[in-house]
Amino acid sequence: MKAITDTRIIYITETDMKRLHPLIESIQNPRDDVRGLQAELEHACVVTPADVPPDVITMNSKARLRDLDSGEEMVFTLVFPNNASIEHERISVVAPIGTAMLGQRVGDEFEWEVPAGSVRLRVEEVLYQPEAAGDYHL
């Protein structure tokens, strides 16, 4: 995983950090993208749920993404592994695309490696963010 713009600030809520840190630590033999997420979390700007900017993808956020090569749009909700369901467009934070999505903001472009090469995406819109909606305990 790599952000196309490497100077961005990663925002994460205190609540998400408390739940993500032990989850990531528990993964044995993590992939490079999970190790990258762990490194980003160590340098993230940790904020209260009320202080996270409304255009940031946080846990349980639903976002519209655009594939920069094909132009295809997709909508995913970023969830913890036990709530993941590709049929319902719920992507686990420890899946490669989920790891890449966390902390991205509207307008951010990022890419991650897949077996066929790399996929480049742009965050077009955060359709739902729990913190912006006042749903602080999801």
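## Strands around β5

In this predicted model, β5 (73-79) and β6 (90-92) run parallel and are joined by 3 bridges, where helices (H or I, at least four residues) and strands (E, at least two) are DSSP runs numbered from the N terminus, and two strands count as paired if DSSP finds at least two bridges between them. Within this pairing, L78 stands opposite I91 in β6. β5 is mostly covered, with 5 of its 7 residues buried; buried means under 20% relative accessible area, exposed means over 50%, and partly exposed lies in between, as found with a 1.4 Å probe and protein chains only.

Local features are described where pLDDT is at least 70, and side-chain atom pairs count only at pLDDT 80 or more, while totals for chains, interfaces and linings use all residues. Residues are numbered from 1 along each chain as its sequence is written, and side-chain values use heavy atoms, with hydrogens and water left out.

## The antiparallel pairings of β4

β4 (62-67) is joined to β5 by 5 bridges, and these two strands run antiparallel. A63 has F76 of β5 as its bridge partner, and R66 stands opposite E73 in β5. The hairpin made by β4 and β5 has 5 residues between its strands, and there G71 takes a positive phi near 85 degrees.

β4 also pairs with β8 (117-128), again in the antiparallel sense, over 6 bridges. In that pairing, V123 of β8 is the bridge partner of L65.

## The loop between β5 and β6, and S92

Two residues of the loop between β5 and β6 can be described here, S85 and E89. S85 counts as buried at 11% relative accessibility, and the side chain of S85 is joined to that of E87 by a polar contact of 3.2 Å; a polar contact is a pair of N or O atoms within 3.5 Å, where within protein one must be able to donate a hydrogen and the other to accept it, and where residues adjacent in sequence count only if both atoms are side-chain atoms. E89 is partly exposed, with a relative accessible area of 41%, and has a phi near 60 degrees, a positive value in a residue other than glycine.

S92 is found in strand β6 and, at 9% relative accessibility, counts as buried. A polar atom of the S92 side chain lies 3.1 Å from the backbone nitrogen of V94. When neighbours within four places in sequence are left aside, S92 is in contact (heavy atoms within 4.5 Å) with L78, V79, F80, P81, A84, G98 and T99.

N60 lies in the loop between β3 (45-47) and β4. With a relative accessible area of 16%, N60 is buried, and the phi of N60 is near 70 degrees, a positive value in a residue other than glycine.

The buried residues of α2 (32-42) are D33, V34, L37 and L41. Seen down the axis of α2, these residues fall within an arc of 100 degrees, so they line one face of the helix; the arc is that of the directions from the helix axis to the C-beta atoms.

These buried residues pack against β2 (11-13), α1 and α3. The face of α2 turned away from its buried side carries the exposed residues D32 and E42.

## The largest nonpolar core

Which residues touch the most other members of the largest nonpolar core? Of the 30 residues in this core, they are L65, M101 and L102, where a nonpolar core is a set of buried Ala, Val, Leu, Ile, Met, Phe, Trp, Tyr and Cys residues joined through side-chain atoms within 4.5 Å. The elements that give two or more residues to the core are α1 (14-26), α2, β4, β5, α3 (96-101), β7 (109-114) and β8, and the largest share, 4 residues, comes from β8.

L102 is in contact with I12, L20, L37, L41, I57, T58, M59, L78 and V93, again leaving aside its neighbours within four places in sequence. Two of the residues in this list, L37 and L41, are also buried residues of α2, while L78 is the residue that stands opposite I91 in β6.
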